[in-house]
Amino acid sequence: MKLSGIPYLLKEGFRNIWANRMMSLASVVVLLSCLLITGTAALVSVNVQALIAGIGDDNEITVYLRPDCNDTDSLALGAKLSAIPNIETCRFRSRKEVLASYQKTLGDNIYAAMEGEGNPFGNEYKIRLQDLSQYETTVTQIKTLEGVDKVSDRSDIAEKLTRLDQFVTTAGLWVVLILGVVTLFIIANTIKMTMYARRFEISIMKSVGATNAFVRIPFMVEAMVIGLLAGLLSSVVLIILYEPIRQAASNVIGMIRTATLPLYEVWLPVLLSLSGIGLLIGLLGGAVSVTRYLNKEGGAILGT
Amino acid sequence: MIHLENVSKVYPNGTQAVKDLSLDIADGEFVFIVGPSGAGKSTLLKLLIREEQADSGTVLVNGHNLVTMPRRRVPYLRRTMGIVFQDFRLIDKMTVYDNVAFAMRVIGYSEKTIQRRVPMALRMVGLADKGKRKPHELSGGEQQRVSLARAIINKPSLLIADEPTGNIDPERSLEVMKMLCGICQKGTTVIVVTHEHELVKQFGGRVIGIEGGQITSDTTEPLRYPITKKAASFTEPKEGLV
Ligand SMILES: Nc1ncnc2c1ncn2[C@@H]1O[C@H](COP(=O)(O)OP(=O)(O)O)[C@@H](O)[C@H]1O
Ligand SMILES: [Mg+2]
């Protein structure tokens, strides 16, 4: 293939967009909304995960052992706890330490009376889970161990956030999937319309011996520009809105400020991934319709 | 050179458009193909440009075997031929110059070659001064001459014209036909499909009659009228174009 015709064909691609501006605009808008939803869902998800990680730091779960469980048995139990895969860290706290932590509350006299044989507390383990969403399963597992009295509840916030993250991820995935298909369809249709509007040109191109690869170029350029444009616009919108939304959220819940990701950490991944996805959807939609057209109507030259 | 041997073509809907047809056309010949509407003339041309594929038989064109030719080679076959359409197929938003240049651009010629060759082709069809016009500003005859210039711009060895005068008035038809003759005289094989018997009678030459997808007559008389001076004078000034 001679390459000298390519600048001309690239120019044609941009002219297509202008000539077909209403459809091109519609494609950009639909793809833009799709990418905005995708980007928002992804940003919410990573921030919620950051929040959960932040909460997790002061979110140890306590495993209370029965008071009659002596120190030797307690240590054996600790080894069994550590062996559970979802338990990340496991820290022993003796009944003496536990009682000591109440010294102030109890007052010296009562404390003295309770020390030694009178200690009503049992030994404890402070554990931290790897995956908080697996809380129920892991607790059930812990409770089957000999010597365990009860397990403390985990923090409510962490549980809610985990649910939120799961919801955002699932809902986002579905919305993106559906909108993605719709967008693909709309872009393919836009390109098909352009090709139909230019069927004369295509038949002439084919009659003088232009290869399919060449005929394809202006239309692929059109589809790519639509995709890239939607990708860039959606990233710009998200990047502009990110800090104000984060600020508003931290006004409601203070810890959001410190635990979530700052803009300088997210803007580049947002820009790159949304532009990439836009470009990819554009390319895919374009390729589908160009190939289908060239294999069917586009093969006709003389007509009847 | 064109060599067809026992060629048949049945469309998917069952219409047999070409039936066991055999035909030889030598390099540099000028051939009319005539016949009533639906006779299979366009189908025959489609077989020659590999827009359609023969169901059986042999199709040789310009040294290519079109029956065994893979699809990706078809563009290179088409670069050896020029095609003239009944409806001109000019792109309205492009100038006359760009319409002709288009045929070179889409197969990757450099702008330098295009700038040298297009004015030459426009001179050949007598439209040297109309390069900047838009097609709709021209008469039907002139439009067909633009499409003729486009058809010869890539120096084809075979020129195919399907009812080239179907959309223009008779006087202009003769002019276009003479131009086709002039192109033939410089060595290009020219095949013209038409159902205008009057025009053919005025011209003479080899006339192949087709009906029901078969050849019903084939005359190889010489041209009854010598090509007029005007037609013969459509020669490019310096470099040979076709
Ligand atoms: N794409 C097609 N599909 C089905 N039938 C066709 C097609 N093209 C042409 N035909 C039929 O084949 C016959 C020959 O058509 P055509 O070659 O166009 O004739 P002509 O050019 O001589 O008028 C006609 O009966 C026509 O209806
Ligand atoms: Mg026909």
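Which helix of chain B gives the most to the shell around ligand 1? I looked this up in a predicted model, where local features need pLDDT of at least 70, side-chain atom pairs count only at pLDDT 80 or more, and totals for chains, interfaces and linings use all residues. Residues are numbered from 1 along each chain as its sequence is written, chains are lettered from A and ligands numbered from 1 in written order, and side-chain values use heavy atoms, without hydrogens and water.

**Ligand 1**

The helix is α1 (residues 41-48), with three residues; helices are DSSP runs of H or I, at least four residues, numbered from the N terminus. I found ligand 1 between chains A and B. I counted 13 residues around ligand 1 (a heavy atom within 4 Å). Among the closest are B:Gly38, B:Lys41 and B:Thr43.

I then checked polar atoms (N or O pairs within 3.5 Å). Oxygen atoms of ligand 1 lie 2.7 Å from a polar backbone atom of B:Gly38 and 2.9 Å from one of B:Lys41. For B:Thr43, a polar side-chain atom is 2.5 Å from a ligand oxygen. The protein buries 71% of the 550 Å² that ligand 1 exposes alone (Shrake-Rupley method, 1.4 Å probe).

**Chain B against chain A**

I found 29 residues of chain B in contact with 25 of chain A (heavy atoms within 4.5 Å). The two chains bury about 2500 Å² between them, 60% of it on carbon and sulfur atoms; this is the accessible area lost on being put together, summed over both parts. B:Arg78, B:Arg89 and B:Val106 supply 23% of chain B's share.

I noted one salt bridge across this interface (Lys or Arg side-chain nitrogen within 4 Å of an Asp or Glu carboxyl oxygen). A:Glu201 and B:Lys93 form a salt bridge, with the closest N and O atoms 3.4 Å apart.

Note on methods: A polar contact is a pair of N or O atoms within 3.5 Å; within protein, one must be able to donate a hydrogen and the other to accept it, and residues adjacent in sequence count only if both atoms are side-chain atoms. Helices (H or I, at least four residues) and strands (E, at least two) are DSSP runs, numbered from the N terminus. Buried area is the accessible area (1.4 Å probe) that two parts lose on being put together, summed over both.
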